[in-house]
Every structure is written in C-alpha cells, then in structure tokens.
Amino acid sequence: MTALAVAGLSLRLGAFALDDVSFTLPANDVMVVLGSNGAGKSVLLETIAGFHRPARGRIAINERDVTTLPAEKRRVGFVVQNFGLFPHLTVAQNVALGARAQRRARAGSPPVDIAALLRRFGIADLADASPLVLSPGEKQRAALARAEASHPDLFLLDEPFAALDAPARSQLRVELARFLRELRLPALFVTHDYVDVAALGDHLALMHAGRIIQCGAVDDVFRRPVSRTAADILGFENRLVGRVVSHDRRLAQVAVEGKFLRIATESAVPAAGEVIVAIRAENVRLLRPDAAPTNAADNRLIGAVVALEPLGALTKVALDCGFRLIACLMSRDVAALGLVSGAAVAADIAAPDAHLVVP
Amino acid sequence: MIAVPRTWRGPKSVGSSLVVLAAWLCGGVLLTFILLPLIQLFAVQTTGTLLQVAREADVRDALMLSVTAAVLTALVAGLFGVPFAYFLARAEFIGKSAVAAVVDVPLTVPHTVAGIALLMVFGRHGVIGGPAEDFLGLRFWGTLAGIVVAMLFVSLPYTVNAARIAFEGVDPRLEMVARTLGMGPWRVLARITVPLAWRGIATGLTLTFARSISEFGAVVILVYYPMTAPVQIYEMFLRYGLEEASAAAALLLVISLALFILFRHVAYGRGPVVGGGR
C-alpha cells in the first residue's frame, strides 16, 4: 500500500514553484525531503496538506485522491517550525482540539482518551501548562500528541527543528525518530540539514528549484549523487571536476588537475567527458607525508595545508594537492600530525569513498 | 527621586544620566500639559453644581445618547472593520497600500469637512440619505443613525488598523495546523485566529469608542439634534457660559474615562500575547 503518491505536481507561487514533482511513499516509511532554502520544500508540503491548489498533478494519501479536498478533510498531521502549538490553550486543550475536530469531521470515530495520549507521549504532568513555558522537546511531544489525536493517515513535518540549537536538534531528532517508529505512521520530513536524514529517513528525496532531482533509499542517494547539485545538497565538501581516463568493472581512473584518482564504480561510467568526483571531508584521511600506506590507500595524495578551521571537537583542513581538497579530522589529531599552515601532509582516500557523479 | 528610573535599558555610562534627566524633563512637561487642564476642570467644581447638572434631563439624555452612539459605532466598526482587517493582514494584492491609505484618510480629514461631506451623502437629498428614507424609512439627518454614521467615519481607522496589526501577528502556520486537525475555515477563525488577535481587536474597538464619544465636528454638522454630550456642552457654553458648561464637561470626562478604563481592562484581561512565535 502506498501512503502517499504524488504525480506530476506543478504550481507557481510567487518566487516558489513546483515543477512536475512525482514520488511515492510506501506505508509506514519515512521520507526526508532535503534541499536548500527556496527549493520549494515547504510549498510541496503545504500543497500536500491542502493549502495551495496545484496547476497540474495529483495527490493520493492512502490511495485516496485528495487533490481537490480541503485541508481539514485530508487527514494529515502537520508539524511546523517551533511546533505550532496554540498559545492561548493549555497543552491538554491543544491535544483535545485535534481529537474534537476530527470526531466532528468523521462521524462515528471513537472518542480519544486525552489523558492516556498525554501519558503515552510523557507529558501528562504538563496537561494544564501553557505551551509558552514548554521546552522544545516538550513542545515536540505535545505537537505530535495533538496530531496523533486527530488520527492522521500521514505526518507532514516542515523543518520543526529549524529554530533550535545543535544539541536540542540532535536530542529531538532521536526522539522524533522513536515516536515515528512507535506510531507506525508514514511521514514526510522536510529539512535543509543533511544531518537530519540518516536518523529519520528510510527514503530520501533531493529537491532543487522546485524539482525532485533524486529520490531513493537513503544509502543509495548518499552513495550515488546523480549530479553536482545533488552532491551539493548532500553536503559533499569535495566536488572535484575530472575526466575518466580508463575504467574496468570495479575501478575507474579519473584525472583531476593532472592527478589520478581511483574510484569504485557502481554504475555505468561514461567513456569520455567531464565527471565530478564527490568525496566527504571525513573520508579524507590525513597522515604524515612519510607514513606507510593505510588500507585506505587506493589514493594517496601529497599536499600542503592551506587553512585550518577549528569546529570544536572537529577541525576542517583545506589542502592544496594540485587541487583544493577539504578534510575533516578530530581536533586532537591536528597537533599530533603537526598540521599548521604550509605543512606537508599525505591524504588517503579509499576508492569506495569517492563517488563518481556524471553531470 | 522619581527622576531616577528603576531600570534603564539604554546604555549606562558616564554622562547617560544627563540624557535620562533631559528625556524625563521633556516627558514631565508633556504630562503636565495633559493633566493640568483636566485637573483644573475638576478643581473648580463643587459637588453641588455637579449634582445639579447631573439632574438636568438635557444633560442626562445627551450623556446617554453619546454613550449609546459610541457603543453602537464600535459594534458597527467591529462588524465591518475586523473582517476587513483580516483580509488586509492576509491578502497580498496590487494596490494594497492604496487601500490601506484610504482607510487612514478619515484621520486627516478635518472633522467639520467630514461632517459636510457626510451631509451631502447621508442628508435628505444625498445619494444614500434620499433612497434610504424613501425605501427603508431610515433617516440619518437628526437621528441616532446619523450620529453613528458621523462617529463611524472619524473613528473606523482605529479599529481596522489595530485589528490588522493584531492579525498580522498571528502566525498563518497556526491556522494551517488548525485546518489539518480537521477544523473548517470558519471554525479556525473563531477558535484560533480571533482569540489570538483578541487583544489588538479589543484595543481598536476601545479606541474607536473613545474617539466616537469625543467627536464633535462631524456630529454637529450632520446631526445637531438630538444633542450628544459634546454638542450639549458647546450649547451650554454658548448659552450659559463657562461655569455651567464646565460642570457638564467634567461629567462627560468622568464617564468617558471610566468606560475607557473598563474597556481597556476587558481587552487586556483576556487573551494571551499575540504571536505564535516564528
């Protein structure tokens, strides 16, 4: 059964647009829609929720065509940035509102035990509290409880963490993933932060300029970005322009600025023409220039440190090895390796960590 | 003493105290300017003259009429102005700033000018006044309806503007969430949007009421009789002089202020701070 099927969805809305968006979401799965700001992610979610009339295309939730239904009849649980709790109502009233409105819309549905629902989400003691005094984590639970009270067929989450600091984000991400699993509800989660993806999603759709440019299982999309833009959205720090020199079934040899990189090939490789090599900074292993080759030594590059950017526990290092290469390593290793500006350093890259992107 | 504020959010450094003092002195002049005439108005009254004026049927009728008309005006302003304010807060369209400017026009029209213009529309031979009397039997000239029309013209902007700002402060995403929970558009307005904007709406209605009860110029031209309190006071001033008029004036002031404070209390006693947080 498909939880959500979107086919050929197009619309224009001021500066935002959707351009022939199609994808399906299997029941009980979570799909993350990843894209930069202005890609049209929120417009997509709001269109599925029923707030914009598409110029073309169809939307089906649980195989029920909802394209022309008003938002209140689509049975979606909508969670927005800052969680959108009604500030003039208590937590319990917020949750009860979802339950009541749904009973009115669907005659004969059983009454919801609000107290039990609050207990299930661990916020029973906050029933009479104002949403204004809740922590972000409590707000998220209250928003999920409220949505759940309305018996949705599908959860839509529109960057609920966007306004939070990093520690809160990571805590809420874990909690959200747990709740979504427990509720066994399909969900579409929109974000611009690729860190959200692995913790939450089964499927990943990359969105750019109103189009879904790549869609698939999370691992597949992360391993095989289909374009430079896709690699960009996925947060690959290194996107090197090169040319395929030779290839067999297992490895391709790519020339980048006069250096040769060996890359594991997972799909067809073009015989000629420009390609892009996408490598995550954390997959570039830095060593002393005279270090013995590691098991990641499919590629060994020698370069000089150009710049260091300390990020707390991690440090980003920019190297010049004939081309610019970004590496990321534990900050405590920076001193051990004697990495200072201008220092020589070896960089090892395993063939499977480099991804061939055919633009 | 009172020249030293308990907290000062501006920069605190050497020399700042002079800025604070200067600002406070300017404010002191203003406060004196506002309060002195009002205090003086009461200082010259004796209980005897106040009671005597209050017992006069003309004065009582005029005060009653003023309060009734101002309350009606606020209700009409709410009925038409609040939905329009919601539209202005949510809709984007070409010429929106022009429409908003039209709403503000009454603030700049001299009130006697407004009265004359209204008389030409709502008078016996006016484009609305004529047909209204012929077909509906509704007369504006010399009636409560006319008073409400005059008051409405000069005080409507307060309701529209205050309500619009209040609606703009309600995050549209809260309305979206309410819709997805299964609430229809009207229910969302009644249960979410209006309660969240309530304080601003009530403030606007209170200002409209206050502006209406104090209106003289437009009312006196469109409707001389029956007399509202300001017209009655003007008439007393012309006929009997300052002393008698000032007693009625003090009475009107007490009633307007009391109602104003009451309405403000109602407005601020209910509803949370606007805005769902973005």
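Domain bounds here come from an automatic or database domain assignment. Using those bounds, chain A splits into domain 1 (2-228) and domain 2 (236-283 + 294-357). Before you start clicking, know that this is a predicted model: local features need pLDDT of at least 70, side-chain atom pairs count only at pLDDT 80 or more, and totals for chains, interfaces and linings use all residues. Residues are numbered from 1 along each chain as its sequence is written, while chains are lettered from A and ligands numbered from 1 in the order in which they are written.

**Stop 1: the two domains of chain A**

Colour the two domains separately. Their centres, taken over C-alpha atoms, are 37 Å apart. Where they touch, domain 1 of chain A supplies six residues and domain 2 of chain A supplies eight; two residues are in contact if their C-beta atoms, placed from the backbone, lie within 7 Å. The domain 1 side of that contact has two nonpolar, one polar and three charged residues. For these classes, Ala, Val, Leu, Ile, Met, Phe, Trp, Tyr, Cys and Pro count as nonpolar, Asp, Glu, Lys and Arg as charged, and the others, Gly among them, as polar.

**Stop 2: where chain A meets chain B**

Now show both chains. Their contact takes 20 residues from chain A and 17 residues from chain B. On the chain A side, β6 (76-79) and α2 (91-105) are the elements that give two or more residues, and α2(A) gives the most, with six residues. Helices (H or I, at least four residues) and strands (E, at least two) are DSSP runs, numbered from the N terminus. By class, this side of chain A has eleven nonpolar, seven polar and two charged residues.

**Stop 3: the core**

Which residues have the most contacts inside the largest nonpolar core? Select A:V95, A:L156, A:L188, A:V277, B:A150 and B:L222; the core has 169 residues. A nonpolar core is a set of buried Ala, Val, Leu, Ile, Met, Phe, Trp, Tyr and Cys residues joined through C-beta atoms within 7 Å. Buried means 20 or more other C-beta atoms within 10 Å of a residue's own, exposed means 12 or fewer, and partly exposed is in between, with C-beta atoms placed from the backbone. Helix α7 (residues 144-168) of chain B gives the most to this core, with 15 residues. Both domains of chain A give residues to this core, so it lies between them. Zoom in on A:V95, which touches residues including A:I114, A:L117, A:L118 and A:A142, leaving out those up to four places away in sequence.

**Stop 4**

Most residues other than glycine have a negative phi, and most peptide bonds are trans. A:N62, not a glycine, has a positive phi of about 50 degrees. Find A:N62 in the loop between β4 (56-61) and β5 (64-65) of chain A. A:H151 also has a positive phi of about 50 degrees without being a glycine, and sits in the loop between α4 (136-149) and β7 (154-158) of chain A. Over in chain B, the peptide bond from B:Y225 to B:P226 is cis, with omega near -10 degrees.

**Stop 5: a helix in the open**

Finish with α1 (residues 16-43) of chain B. Is α1(B) largely in the open or buried? Of its 28 residues, the number buried is zero, so α1(B) lies largely in the open. Look for a bend of about 30 degrees at B:L35, with a proline, B:P37, following within four residues. The bend is the angle between axes fitted to the seven residues ending at a residue and the seven starting there.

Technical notes: Expected span 1.5 Å × (residues − 1).
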